[in-house]
Amino acid sequence: MKSLSFKMKINAFFIAISLVTILASYLSVSFFVSRETTRSMHADVESQMELLVTTVNNEINNKLVLASILDTSATDLGQLQQLTGFHKIYRVVHGFVFSSEGSLSDMDVKGQQVLAKLASAEVLAVDDLTLVEGNPVLTIISPQGESRGDVFEVDLSSVQELLENTQIEGAYLKLETDSGFEVFNNLPDSSWQGISRVINVQNQQWTLTGYIDHGFIGQEVNQITRLITMALSVAGLIIICVSIFLAKYTYAPIMRLRVVVSDLASGEGDLSQRLEVTSRDELGEIAQDINVFIAKLEHMVKQISGASSSMEQVVDNLQKNSEATQMQLSDHISETGQVVAAVNEMSHSAASVSESSRRAAEQAAMTLMQGQEGKTYIGQVVEHVDSLMTNFDSTSSAIGTLNQDIEQISQVLEQIGAIASQTNLLALNAAIEAARAGAYGRGFTVVADEVRTLAAQTQQSTEKIDDNIAKLKNSIKCVLAEMQVLQQSNQSVVVSTEQCEKALNAISQSVGTICQLNDEMASAASQQEAVSMSITSSMDKIQSVVNGIEGQSKETHGDVERLSKSQHSLVDVLLHFRTS
C-alpha cells in the first residue's frame, strides 16, 4: 500500500467505497425487502381475513335472522326456498315433517333426523355441518312450541367460492367449525403456522386461519433483490467511472505542485517558475502562497548573489594588497640586512681608527660617507614603513566593509530562516486542518508534508550558510586584531628608525669633529664604536620586528585565501538556484 501513488490510492479509495456501498445496499435491501414483504403479506392476509370474517358472519347471521322471522305456514315451502335462498326448509307440525317435495313419512331417515334435531333444541340454534351431495350444509333449528318448528339448511358452497376467489398469491386459508369440520382448506402443508380469527355462529365458534408461504416470499425477495443488485451494480460502475474522472481532474493541480516542489527540493530549483492558479479553492490558495514564497525566495537569492559579487571584489582586492604587502616586507627585510651590514662595516671602521690614528682622516671621510648612506637607507626604511601603514589602513577599511557586507548577509539569512520557520508552521497548520477533515483531507496532508520538508531543507541550507559566514566573521576579526598588532609594530619601527636617524646624525657630527679635531681622534673613535654598537642593536630589533610583520603578513594572506574559499562556497550554494 505504501508503494502506491497518491492517485492510485484515491482511485482505490473510491472503488472500495463503491463496492462497500453496493455490498451494504445489497445486504440492507435483502433484509428490508424481506421484512417489508413479510409485513405486507401479513397485513394483506389479516385484512383479507377480517373481510372474510365479516362477510361470512354477515351471511350466516342474515340466514339466522331470516330463519327466526320466517312464517313457513303461510307460504309454499318451494317458493319460500327460492325467495330466501335456503337449500332446504322443513316444517314440523305435531310430529309430521313437511318439505318442498311434500310430507316425509315416519320411516324416512331425513324426517327422523329433522325431528331429532328439532327435539334437541329449545331455542334458535345451529347444528353441526354435514355434507350433502359433496357440499357443506349448515342446519338452523327454529323451535316454535311443542311439536312445532322449522329446520333450515344453508348451502355453504357460496362461502367456499368466496374463500376460493379471494385467495392471495402465496397465502392459504382454512375454515373449520369447533367440531373440526373443515368448510374450506387449500393448505398444502399442515405444519405451517397461521393467523386465526374467530367467527361466532350463534352457539358455535368457527375458526378462519390464514397461512403464509414463506418460500413464496423468499422467491419474491430474491427476484426483487436481483433487480436491485443489477441496478446497484450499474450505478456503482457509473459512480466509479465518474469518481476516477473527478479524481484525475482534482489531482492535476497537485501534480503541478509536485513538479515545482520536486524541482526545488532536487537542489536545481528554478525560482523563476510559478504555479498556475486555476481555482479559488484550498489548492488554489496553496499554489498562490507557494508562488509568493518562491518570489520572496528569488528576491532574497538575488540580494545574496549581489552581496556575494561585491564580497568577491573585496576579497580579490584584499588578496592583491596582501600579496603586495608581503612583497614589500621581503624587500624591507633585504634592505634592513644591508643596513645591518653597513653598520657592522662602520663599526669595523671605528676599530680601525682606534688602532691606527694615521689613517683616521681617511677612515673619518669614509665613515661620513657611510653615515650618509645609512641615513639614506633609514629614509627608505621610513618611506617603506609609511607605505606599509597606508596599505594596512586600506586593508583595514576593506575588511571593515567586508564585515558590514557579511552582517547584511546574516540579516538576509535570518529573514530566510524566519520565512522557512513560518512556512513550516503553515505546513503544520495545514496538516492539522487536513487531519480534522478526515479521509477527505488526506491529499492535503501529503501536500503539507512536502511543503514542510522543503521548509526544513531551506532552513538547513540557511544554517549551513550562516555557519560559514560565522567562520568568515571570526577570521576577519582575527585579521583585524593581527592588523592592529602589526600597526603597533610599524609604529615601533618608525620610532626605532627615528632613533637610527638621530644616531647617524651623531655619527656625522662625530666624523666632522674627527676631521676638525684630529687630536681627539681616539676619543671620537671610541664614541663612534659605542654608537655603532647601539645602531647594530637597534637594527637587530628592527629586523626582528620586520620578521614578525612578515609572519603576520603570511597569516593575513592565509586568512584572505580562506575568506576567498568561503565566498566561493557561498557562490556554489547560490548557483543551485536559477532566477529570472
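**Figure 1. Strands that cover the buried residues of helix H3.** In this predicted model, the cover over the buried residues of H3 includes strand E1 (88-93), strand E2 (96-99) and strand E3 (102-104). Strand E6 (135-143) and strand E7 (148-155) also belong to this cover. The residues of H3 that are buried are Gly111, Val114, Lys117 and Leu118. Viewed down the axis of H3, these buried residues fall within an arc of 130°, so they line one face of the helix. Val109, Ala119 and Ser120, on the other side of H3, are exposed.

**Figure 2. The span of helix H3.** Helix H3 comprises twelve residues, numbered 109-120. At 1.5 Å a residue, a helix with this number of residues should span 16 Å. The C-alpha atoms at the ends of H3 lie 17 Å apart, which agrees with that expectation.

Figure 3. Ser142 is located in strand E6. Its relative accessibility is 7%, and Ser142 therefore counts as buried, since buried means under 20% relative accessible area. When residues up to four places away in sequence are not counted, Ser142 touches Ala67, Ser68, Leu118, Leu124, Gly149, Asp150 and Phe152. One of these contacts, Leu118, is also among the buried residues of H3.

Figure 4. The structure holds zero disulfides. Cys241 has a relative accessible area of 54% and is therefore exposed, as exposed means over 50%. Cys478 has a relative accessible area of 45%, so Cys478 is partly exposed.

Conventions. Residues numbered from 1 in each chain as written. Predicted model: local features only at pLDDT ≥ 70, side-chain atom pairs only at ≥ 80, totals over all residues. Heavy atoms only, no water. Helix = DSSP H or I, 4+ residues; strand = E, 2+ residues; numbered from the N terminus. Expected span 1.5 Å × (residues − 1). Buried < 20%, exposed > 50% of the residue type's maximum accessible area, 1.4 Å probe, protein only. Arc of directions from axis to C-beta. Contact = heavy atoms within 4.5 Å. Disulfide = S-S within 2.5 Å.
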